[in-house]
Amino acid sequence: MGRRLLNVFGVALGMMVVMSVLTGILYPLVMTGAARAVFPDQADGSLVKKDGQVVGSELVGQGFTSPAYFHSRPSATTPAYQPLPTTFANLGPDTAALQDLVNGYIRDALRLERPYNPGLQPRDLPVDMITTSASGIDPLITIANARLQARRVAAVRRVPLQAVMDMVERRTDARDLGFLGEPGVNVLLLNLDLDQAYGAPKR
């Protein structure tokens, strides 16, 4: 009985070691190598460079505060727009805490956008402008969100509104596979386009 138990224990321990090596070491190495060979940019995090320096990732939202830039949707991470502790509030739609958050986002959006969009009302704000995403760091905003912000960006930079709208159009990603999700605008890439065309705003 004791020998049989030792045999069972030995087999179990051996399987644990073998599976740990296979699934914890070899499999990740093979998948990482394959990803780097087939999709090198994506495997490295879809990093975005400007003048040889990494300025962000196409997959991670960033916080922009200058009115001369398009702003990402609100972040749910603490601190904001951190890629490692991605999280979401998980608050129910009828909770006071969520209502307070959304009301704060509405006030911030109206304060920022109303000078450039006279008569703007809370009902006119796109949902993604006043709510966080599931990850808290979504790099995309909706077309409606980008078009609303375009008036501010054009006015602050003193450039034609249509030129900014054209940039929004060019940076709009279509639905995945033509039918999954909704079209979106990558905020980081759009802001880099603005700087390339008109220069970085003076502080």
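Predicted model: local features only at pLDDT ≥ 70, side-chain atom pairs only at ≥ 80, totals over all residues.
Local features need pLDDT of at least 70, side-chain atom pairs count only at pLDDT 80 or more, and totals for chains, interfaces and linings use all residues. Residues are numbered from 1 along each chain as its sequence is written, and side-chain values use heavy atoms, with hydrogens and water left out.

User: Why is the pair D108 and R111 called a salt bridge?
Analyst: A salt bridge is a side-chain nitrogen of Lys or Arg within 4 Å of a carboxyl oxygen of Asp or Glu. The closest N and O atoms of D108 and R111 are 3.1 Å apart, so the pair meets the rule.

User: What separates D108 and R111 in helix α3?
Analyst: About one helical turn, because they are 3 residues apart. Helices are DSSP runs (H or I, at least four residues), numbered from the N terminus.

User: Why is R111 called exposed?
Analyst: Exposed means over 50% relative accessible area, buried under 20%, and partly exposed in between (1.4 Å probe, protein chains only). R111 has 57% relative accessibility, so R111 counts as exposed. D108, at 42%, counts as partly exposed.

User: What makes R152 and E113 a salt bridge?
Analyst: Their side chains meet at 3.0 Å, N to O. R152 lies in helix α4 and E113 in helix α3, so the pair ties together parts that are 39 residues apart in sequence.

User: How do you know whether R152 is buried or exposed?
Analyst: R152 has 0% relative accessibility, so R152 counts as buried. E113 is buried too, with a relative accessible area of 2%.

User: How many salt bridges does the rule give?
Analyst: The count comes to 5.

Technical notes: Helix = DSSP H or I, 4+ residues; strand = E, 2+ residues; numbered from the N terminus.
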